Amino acid sequence: MLKVHLVWSTKYRHSVLKGNIQKRCRELLVQIYDS
């Protein structure tokens, strides 16, 4: 089993992935890595 910790950072560390966008991105990444 392989576990991955993904860190996505913007140039000035502004929070861009918030609310529904954050939730959807997480769902997509989980789907990609579970397959």
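Trainee: What percentage of the 35 residues in the chain is buried?
Mentor: This is a predicted model. Buried means under 20% relative accessible area. Across the 35 residues in the chain, the buried share comes to 0%.

Trainee: What box do the C-alpha atoms of the chain fill?
Mentor: The box is taken along the principal axes. Its dimensions are roughly 35 × 20 × 10 Å.

Trainee: Which UniProt annotation covers residues 2-33?
Mentor: Over residues 2-33 the chain is 47% helix and 0% strand. The end C-alpha atoms of that stretch are 10 Å apart. The record is an unreviewed entry, and its annotation for residues 2-33 reads "domain: Transposase IS200-like".

Trainee: Is glutamate 27 buried, partly exposed or exposed?
Mentor: Buried is under 20% and exposed is over 50%. Glutamate 27 has 35% relative accessibility, so it falls in between. The class for glutamate 27 is partly exposed.

Trainee: Which side chain makes a polar contact with the side chain of serine 9?
Mentor: Serine 9 sits in the segment before helix 1 (19-34). With a relative accessible area of 38%, serine 9 is partly exposed. The contact spans 2.7 Å, against a limit of 3.5 Å. The partner is arginine 13.

Trainee: How far apart in space are serine 9 and serine 35?
Mentor: In sequence, serine 9 and serine 35 are 26 residues apart. In space, C-alpha to C-alpha, the separation is 25 Å.

Trainee: What volume does the largest pocket have?
Mentor: Rolling a probe the size of a water molecule over the atoms shows where empty space is left. For the largest pocket, the volume is about 570 Å³.

Trainee: Which residues that line the largest pocket are the closest to its centre?
Mentor: The lining has 10 nonpolar, two polar and three charged residues. That lining is 15 residues. The closest to the centre are Leu6, Cys25, Arg26, Leu29 and Val30.

Key. Residues numbered from 1 in each chain as written. Predicted model: local features only at pLDDT ≥ 70, side-chain atom pairs only at ≥ 80, totals over all residues. Heavy atoms only, no water. Helix = DSSP H or I, 4+ residues; strand = E, 2+ residues; numbered from the N terminus. Buried < 20%, exposed > 50% of the residue type's maximum accessible area, 1.4 Å probe, protein only. Polar contact = N/O pair within 3.5 Å; in protein donor to acceptor, adjacent residues only side chain to side chain. UniProt positions renumbered as here; feature names shortened; annotations may be inferred. 1 Å grid on protein atoms, 1.4 Å probe; cavity = no way out; pocket = protein on both sides within 12 Å on 5 of 7 lines; lining within 4 Å. Points joined across faces, edges and corners; volume = space filled by probe spheres on them. Nonpolar A, V, L, I, M, F, W, Y, C, P; charged D, E, K, R; others polar.
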